[in-house]
Amino acid sequence: MARIPHVIGGEKVDAAERIQAVYNPATGEAQHELGIASAATVEQAIAAAQAALPMWRKTSLTKRADVFFNLRQLLKQRTPELAAIVTSEHGKVLSDAAGEIARGLENVEFASGLLHLLKGERDEQVSTGVDVHSIKQPVGVVAAITPFNFPVMVPLWMIASAIACGNTVVLKPSERDPSASVFIADLFREAGLPDGVLNVVHGDKVAVDTLLDSRDVKAISFVGSTPIAKYIYERAAANGKRVQALGGAKNHMIVMPDADLNMSADAAVSAAYGSAGERCMAVSVVVAVGDIADELVGKIAERITDLKIGDGTDPASEMGPLITKEAKERVESYVAGAAAEGATVVVDGRETQFDGNGFFTGVSLVDHVKTDSKMYLDEIFGPVLAVVRVATYEEGVQLINDHQFGNGTAIFTRDGGVARQFEFEVEAGMVGINVPIPVPVGSFSFGGWKDSLFGDSHIYGPESINFYTRSKVVTTRWPNPDQSKVDLGFPSNS
């Protein structure tokens, strides 16, 4: 069985403190071995990044941009190959994997504009003969710790901006689907990125803690669950690092009485069950306002009965398996406990039968969900859609604002005034108006509020440039030596 290597200083490194299997979720079979890095191996990757830093930060912006233009072309050419890797280890259908790569490409394209993005500012004659300008410089070695659900998109969200800004990177992908990160590192190298600028290490908590504690790592980017995001933020911040740690979500979609219910049902099904619900922007709660709930639930139920669930490599499949057997069991446990919490299981995904040993579950729809139930409060991260019924718009907004998570939210309505009011008062970082999954395009930034984000910076887009650079302000005077004198007063701008 082939072993997936680390990438350190441009070399494939086969080092392991222990070995674990990487599974194909559609078959339940182990397909690769993965060496879990020791602290020493992680430190080797950090040292490689540190050694590459002086040269890379001196590399001209034009040459850096060339790398990203080359990378963009390579990613477009090799999307089918990379999508197949993602499907084999994550399980999502090939079209979804290709869509993930396309969204990651947006940040590669954004980073290609680094000559503009890294421009500073200048003021002339702020005082007699004095000019001031600012410059943006890299922070140094940065660590990117990425989740299993988007093994291409999320790494590209982080490492593209970080590398464009002149930093070097140690990427620690999820141990569940790590091959895509090695493939990306190979493409970066083929695009002209020097060895050591991007390093990939596979590991667990030992690897993460080594990155969090290293004096040479200056910034940490993380996407994952809220408990881990909070842990990473607190430990890294205590060590004086910059941190952006994106956590979990419970995304609500309000459907108003005036909404087109067919369009709303289409959107709810697409947003809840795409990628088997394993995405932090999935709609997990539909909030039905007024007397539309029965009709809306019926329309959603009609649509999900025909969903094709199967191996992601089958072009007929619309949804693949969950990432692990444990994930399948955890997701199904929420459906099993729904009735005891006072909910009505309209469609029970546990009843769907599948051949083989893959980690498949059917889609579930649960109505009359109580807001104090585990199904409502927890991030399930699977193909389970909850429906909460409320009497008024105000009650629906209050539900969203009271929830611990504030990642994304959406409203479906024909009323522009209500939509504008929702945009103004809802407490979430990303808002959709008749858009169920409002992931911003690459020229904006991604991130939530409340327990969905720890740290001040959102990911990719303009905020990523600020996160991966430090500003330096330079004040300049070229005086006539004959006018020089001692002056102990506070500098003035006269």
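**Figure 1. The loop that holds tyrosine 460, between β22 (453–454) and α16 (461–467).** In this predicted model, tyrosine 460 is found in the loop that connects strand β22 with helix α16. Tyrosine 460 is buried, with a relative accessible area of 2%, because a residue is counted as buried when this value is under 20%. The backbone at tyrosine 460 has a phi near 50°, which is a positive value in a residue other than glycine.

**Figure 2. Glutamine 125 in strand β6.** A positive phi is also found at glutamine 125, where the angle is near 60° although the residue is not a glycine. Glutamine 125 lies in strand β6, and with a relative accessibility of 49% it counts as partly exposed.

**Figure 3. The open sheet of three strands, β6-β7-β23.** The strands of this sheet follow the order β6-β7-β23, and their pairing is antiparallel. Strands β6 (122–127) and β23 (469–477) are the edge strands, each of which pairs on one side only. On average, neighbouring strands of the sheet are turned by 30° against each other, with direction ignored. Strand β7 (residues 130–138) is joined to β23 by nine bridges, and the two strands run antiparallel; aspartate 131, for example, stands opposite threonine 476 in β23.

**Figure 4. The open sheet of seven strands, with mixed pairing.** Read across the sheet, the strands come in the order β15-β16-β17-β14-β13-β19-β20. At the edges stand β15 (344–347) and β20 (430–433), and each has a single partner strand, so one side of each is left without a neighbour in the sheet. Neighbouring strands are here turned by 20° against each other on average, direction ignored. Helix α14 (residues 393–402) lies across β13 (251–255), β14, β17 and β19, and it runs at about 175° to β13.

**Figure 5. Strand β17 (residues 384–390) and the strands that pair with it.** Six of the seven residues of β17 are buried, so this strand is largely enclosed by the rest of the structure. Strand β14 (residues 283–289) pairs with β17 in the parallel sense over five bridges, and within this pairing alanine 288 stands opposite arginine 389 of β17. Strand β16 (residues 364–367) also pairs with β17 in the parallel sense, over three bridges, and serine 364 stands opposite valine 384 of β17.

**Figure 6. The largest nonpolar core, with 70 residues.** In soluble globular proteins, nonpolar side chains tend to be buried together. The residues with the most contacts inside the largest core are Phe68, Ile159, Ile163, Val169, Phe188, Leu198 and Phe446. Helix α6 (residues 153–164) gives the largest share of this core, 10 residues, and the core draws at least three residues from each of domain 1 and domain 2. Which residues is isoleucine 163 in contact with, leaving aside its neighbours within four places in sequence? They are Trp56, Arg64, Phe68, Val169, Phe188, Leu193, Val197 and Leu198. A second, separate core of 65 residues includes Ala271, Val285, Val331 and Leu399.

Figure 7. Across the interface, 26 residues of domain 1 are in contact with 33 residues of domain 2. The two domains bury about 2,300 Å² between them, and 61% of this area is on carbon and sulfur atoms. On the side of domain 1, Val93, Trp449 and Lys450 lose the most area to domain 2, and together they account for 23% of what that side buries.

**Figure 8. Methionine 1, in the segment before β1 (3–4).** Methionine 1 is exposed, with a relative accessible area of 59%. When its neighbours within four places in sequence are left aside, methionine 1 is in contact with Ala30, Gln31, His32 and Glu33. Methionine 1 and valine 169 are 168 residues apart in sequence, and their C-alpha atoms are 29 Å apart in space.

Methods:
Residues are numbered from 1 along each chain as its sequence is written. This is a predicted model: local features need pLDDT of at least 70, side-chain atom pairs count only at pLDDT 80 or more; totals for chains, interfaces and linings use all residues. Side-chain values use heavy atoms; hydrogens and water are left out. Buried means under 20% relative accessible area, exposed over 50%, partly exposed in between (1.4 Å probe, protein chains only). Helices (H or I, at least four residues) and strands (E, at least two) are DSSP runs, numbered from the N terminus. Two strands pair if DSSP finds at least two bridges between them. A nonpolar core is a set of buried Ala, Val, Leu, Ile, Met, Phe, Trp, Tyr and Cys residues joined through side-chain atoms within 4.5 Å. Domain bounds come from an automatic or database domain assignment. Contact means heavy atoms within 4.5 Å. Axes are lines fitted to C-alpha atoms, for helices over the stretch in contact, and angles run from 0 to 180 degrees between N-to-C directions. Buried area is the accessible area (1.4 Å probe) that two parts lose on being put together, summed over both.
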